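Hello,

Here is the structure I promised to pass on to you. Have a look at it first, and then read my notes below.

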Amino acid sequence: MSVSEFPGVFAIEQATLTAVPAPRLIFDGPFVVRRYLGGTGRANAACPMDPRPDPGLAGRIDRIEAFYARMGQVCRFRSTPLDPEGMVPMLEARGYRRHDESQVIAGPLADFAKPDPAAEILTGPEERWMAVVATAEHQSPARRAEKAGMADLLAVPAAWVLLHEDGVPAASAFVTADGPLAGLFDLSVRPEFRRRGLGQRVMAAAGAWALGQGASWAYAQVACTNKASLALNAGLGLIERYRYVYYLKN
């Protein structure tokens, strides 16, 4: 893969499934159906992986709904450019509605990766790292529990990055290295340390670690409403490549 060539939607989606693992999953046709603790959407959704027409789609949706009902969990579909034809209209006819649209952004690692002497590379989600992440929005108990258990589920190299400022853990990031693809997640900056450029620094430090693991492309997933994070990532050269949205029943 050329560094100047976007890896493609399928490659990014596949890497995301690896970077955000779930202990329970089933495969049904073009869908990977995952379940964890009900925290992050990526680990608790049915994810399509093939946009070709699927004549068995209606029955597949029935089985996916039954799976989540058995798990006692809300049924969630992740809609991407890899949706089988007609999936969204079929979901809407069943009472599903859009939730939480996000941009998938990506760019060459070498454009921004830079080691930082104030960055500490951890081998797991230590409590110090979790404490910084807890200052971000949408950190429900289920999401925190999933993050705490990720190290035992991951099958690719990963690092939990803490950036120190004034002797205090001030910013965090989580990064995976999956061949040429580096996934960047959990960017958080403590409120009292914001507007100092620490977000870009911790992302650059995470990128430097991934570059050392052989990755050449970085990708991240940011809510369309998170203008500050989108602007920060644009400054790193990570630009929108496609979008995804979740569908849940009303």
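Searching the whole structure turns up one cavity of 30 Å³ or more. Please keep in mind that this is a predicted model, where local features need pLDDT of at least 70 and side-chain atom pairs count only at pLDDT 80 or more, while totals for chains, interfaces and linings use all residues. Residues are numbered from 1 along each chain as its sequence is written, and side-chain values use heavy atoms, with hydrogens and water left out.

A cavity is a set of points on a 1 Å grid over the protein atoms alone where a 1.4 Å probe fits but cannot get out; a pocket is an open set with protein on both sides within 12 Å along at least five of seven lines; and lining residues have an atom within 4 Å of a point. Grid points are joined across faces, edges and corners, and a volume is the space filled by probe spheres set on the points.

The largest cavity holds about 130 Å³ of space. It is lined by 13 residues, and those closest to its centre are V20, T40, R42, K147 and M150. Helices (H or I, at least four residues) and strands (E, at least two) are DSSP runs, numbered from the N terminus.

The second largest pocket has a volume of about 170 Å³. At least two lining residues come from each of α1 (9–19), β1 (24–28) and β2. R34 is one of the residues lining this pocket.

R34 sits in strand β2 (residues 31–35). What is the nearest side chain of opposite charge to R34? That is E146, 8.3 Å away, and R34 is buried yet has no salt bridge (a side-chain nitrogen of Lys or Arg within 4 Å of a carboxyl oxygen of Asp or Glu). Instead, the R34 side chain reaches the backbone oxygen of R42 at 3.0 Å.

E65 belongs to helix α2 (residues 57–71). Why does E65 count as buried? Its relative accessibility is 18%, and buried means under 20% relative accessible area, exposed over 50%, partly exposed in between (1.4 Å probe, protein chains only). E65 and C75 are ten residues apart along the chain, with their C-alpha atoms separated by 5.8 Å.

Enjoy exploring!

Conventions: Lys, Arg positive; Asp, Glu negative; His and termini not counted. Polar contact = N/O pair within 3.5 Å; in protein donor to acceptor, adjacent residues only side chain to side chain.
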